[in-house]
Amino acid sequence: MSDTNKNPQELALLEAVTWNEQGLVPVIAQEVDSGDVLMMAWMNRDALLETLRLGEAVYWTRSRQKLWHKGEESGHTQKIKEIRLDCDGDTILLLVEQKDRIACHTGEHSCFFLRLDPTTTSWIDESVAKK
């Protein structure tokens with residue numbers, strides 16, 4: 001969708017964001033109740049506007065080069081509770097309600113379940129440790 005099809009409020013919203021060379025901005029999804037950081041993804045202009053329209057997270061998938069409504073296949077949608085823009089305008093934070101508490105495509109609650117063990121300099125799978 002070109003910017004000529006957008007209303008003045010949408011244009012102002014989009015202009016506040018500092019988009020990278022590919023027209024993308026990094027997005028962090030954080031669970032509103034627990035404060036857990038769930039995942040990092042990317043949005044383009046249309047993904048941000050679609051997120052606002054639906055009230056659920058819509059991202060831009062770089063590998064498939066298309067909009068991706070989070071949970072469209074798994075059902076693990078992210079209901080938007082709040083959207084924040086950082087002080088530089090170059091990162092978006094989504095505060096979300098994560099359906100079924102599964103955000104990661106691996107079936108985990110969060111994509112950040114690997115922890116660096118500084119003594120061995122290896123990654124520890126915290127999801128296995130909790131099971």
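I start with the burial classes: buried is under 20% relative accessible area, exposed is over 50%, and partly exposed is in between (1.4 Å probe, protein chains only). I am on a predicted model, where local features need pLDDT of at least 70, side-chain atom pairs count only at pLDDT 80 or more, and totals for chains, interfaces and linings use all residues. Residues are numbered from 1 along each chain as its sequence is written, and side-chain values use heavy atoms, with hydrogens and water left out.

Entry: helix 2. Helices (H or I, at least four residues) and strands (E, at least two) are DSSP runs numbered from the N terminus. I find helix 2 at residues 45-54, with A47, L48, L49 and T51 buried. For contacts I take heavy atoms within 4.5 Å. The buried residues of helix 2 pack against helix 1 (8-15) and several strands, including strand 2 (37-43) and strand 5 (78-85). Just after the helix, G55 has a positive phi of about 80°.

Entry: T51. I read 1% relative accessibility for T51, so T51 counts as buried. T51 touches M43, E56, A57, V58, I80 and I83, leaving aside residues up to four places away in sequence. A polar atom of the T51 side chain sits 2.8 Å from the backbone oxygen of A47.

Entry: salt bridges. The criterion is a side-chain nitrogen of Lys or Arg within 4 Å of a carboxyl oxygen of Asp or Glu. I get six in the structure. R45 pairs with E15, with 3.7 Å between the closest N and O atoms. R45 is in helix 2 and E15 in helix 1, so this bridge ties together parts 30 residues apart in sequence. E31 and R101 also meet, at 3.0 Å N to O. E31 belongs to strand 1 (residues 25-31) and R101 to the loop between strand 6 and strand 7 (114-117), 70 residues apart. Is E31 buried or exposed? E31 is buried at 7% relative accessibility, while R101 is partly exposed at 45%. I also note R84 with E82, at 2.5 Å N to O.

Entry: aromatics. Rings of Phe, Tyr and Trp (its six-membered ring) pair if their centres lie within 6.5 Å; planes under 30 degrees apart are stacked, over 60 edge-to-face, and the rest tilted. I find one aromatic pair. Y59 and W68 make a tilted pair, 5.4 Å centre to centre with 40° between the planes. Y59 is buried at 0% relative accessibility, and W68 is partly exposed at 21%.

Terms used. Polar contact = N/O pair within 3.5 Å; in protein donor to acceptor, adjacent residues only side chain to side chain.
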